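This report goes through a few features of one protein model. The sequence and structure come before the text.

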Amino acid sequence: MLAKHSFSITVSRFSLFYKFLLYLSLVLLIFAAISISSMYYIMKPIFQGVQNMHFFEHCLTAFKSMFGGDLSVQNAAFGVLGQDFAKISEVFATNKNNVVGAVCALIAFLFLGKFLITIGHYPLSDVLNNFMNSNSKFGFTSNLIAHLKKSVAYSFIDTLIYIPFMLLLAGLMYLVLWGVGKLSILFALGLCVTIFVVIISLKRSVFAMWLPTYINEELGVFKSLQKAILTNKDLIVKNWGLFTAISFVAYGFTMIFGLVTFGIGFVMAICFLNIFYMSIGLVIYYRRNERKYYIDAETVIDSKHSIKAVY
C-alpha cells in the first residue's frame, strides 16, 4: 500500500518530473563546467606527463593486439603498457601537491554538487505535500524562491551528513572488493552492490520522515531530524525492508534504462526516483500522524484506522 500510494502521488503530480529534470540538468551542467575546468587546471602537469608518453595510443595498440593473433606482438604491446604504468606512478609521485589538491577539490566538488541538487528537494517535497494535504497545485520554481532559506539550510545539513556517509561506504566497498575479490571478482562485485543497496536503504528508512517533519511542523532542521527519528523508530526496520526491495528494483531499472538511452536515462530515472522517494517519506509521515491525504485528484486516504495497514 505504501509503495502503491506513493507511486500514485508521483504520477498524479508528474508535471514535477519535467520541472525537476530541468533543474537537475541545469545544476549538472553548471557543476560539470566548474569541476572539469578546475580539475584540469589542478591536474594539468599530470595530464601533460601522461600525454607525452603516448599512454592512450599504447592502450589502443594493446587492445588491437588482442585480436591480431600474434602472441609476440601482444606481449610487446602490453610490455610497453606496463612500462607506461610505472612512468605514470613516477609522474604522480613527482606532482604530489597536485594530487593532494585534486583530492581536496574532488571532495569540495562532491559537496557542492550534492548541495546544489538537494536544494531542490525541499520545494519538490513541499509541492507534493500541498497536493497530499489539500489537492493544491503549487509551482516548483515559485516554491523554491519562497522557501530558499529553508531549502539551503536543509540542503547544507543533509550534505554534511551525506558526504562522510558515502566516503565511509566507499571505503567499505573497497575493503570488500579487495578482500573477497581475491576469491572471485564477480562475487565481490555482486556482494558490493548488495551491501551498497542495503546500507543506502537503511539510511533512507532512518531519515524518511525528516523532510516531511521539517515542512509540516514549526521546527528547525535539527529538531525536525530528532523528532522524525524518534517518532518513526519503531517502523525503521519495516521501512528498511520496503526501501531495500524498492531500491533493488529501481536501481535495476535505472541501469537498463540508462544503457538503452546511452546515458540520458540515468538523469531521467534519478529525477523520477527523487520524486518517488519524496512521496514515500510523505506517506510514511501522514500515516504515522494519522492524517488524511490525497493520492490523486479524487481519492482521499484516511490513515486513522491502522498504521500497519499501509504495508
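## The largest pocket

In this predicted model, 42 residues line the largest pocket. Lys114, His121, Tyr162, Arg204 and Asn274 are the lining residues that lie nearest its centre. The volume of the largest pocket is about 1,400 Å³. Sorted by class, its lining holds 30 nonpolar, 8 polar and 4 charged residues.

Several helices contribute to this lining. At least two residues each come from α2 (15-52), α5 (96-119), α6 (121-134), α8 (148-180), α9, α10 (210-216), α12 (236-260) and α13 (264-288). The most is given by α13, with 8 residues.

## A nonpolar surface patch

On the surface, a nonpolar patch is formed by Leu177, Ile185, Leu186 and Leu189. Together these residues have about 390 Å² of accessible area. Helix α9 (residues 185-206) gives the most to the patch, with 3 residues.

Leucine 186 is found in helix α9. Its relative accessibility is 69%, so leucine 186 counts as exposed, the cut-off for exposed being over 50%.

## Two residues with positive phi

Most residues other than glycine have a negative phi. Asparagine 135, which is not a glycine, has a positive phi of about 60°. Asparagine 135 sits in the loop between α6 and α7 (140-146) and is partly exposed, with a relative accessible area of 25%.

Glutamate 290 is not a glycine and has a positive phi of about 55°. The loop between α13 and β1 (293-294) holds glutamate 290. With 39% relative accessibility, glutamate 290 counts as partly exposed.

Terms used. Residues numbered from 1 in each chain as written. Predicted model: local features only at pLDDT ≥ 70, side-chain atom pairs only at ≥ 80, totals over all residues. Heavy atoms only, no water. Patch = residues over 30% accessible without salt bridge, like charges linked within 9 Å, V, L, I, M, F, W, Y side chains within 5 Å. Areas by Shrake-Rupley, 256 points an atom, 1.4 Å probe, with all protein chains shown as cover. Salt bridge = Lys/Arg side-chain N within 4 Å of Asp/Glu carboxyl O. Helix = DSSP H or I, 4+ residues; strand = E, 2+ residues; numbered from the N terminus. Buried < 20%, exposed > 50% of the residue type's maximum accessible area, 1.4 Å probe, protein only. 1 Å grid on protein atoms, 1.4 Å probe; cavity = no way out; pocket = protein on both sides within 12 Å on 5 of 7 lines; lining within 4 Å. Points joined across faces, edges and corners; volume = space filled by probe spheres on them. Nonpolar A, V, L, I, M, F, W, Y, C, P; charged D, E, K, R; others polar.
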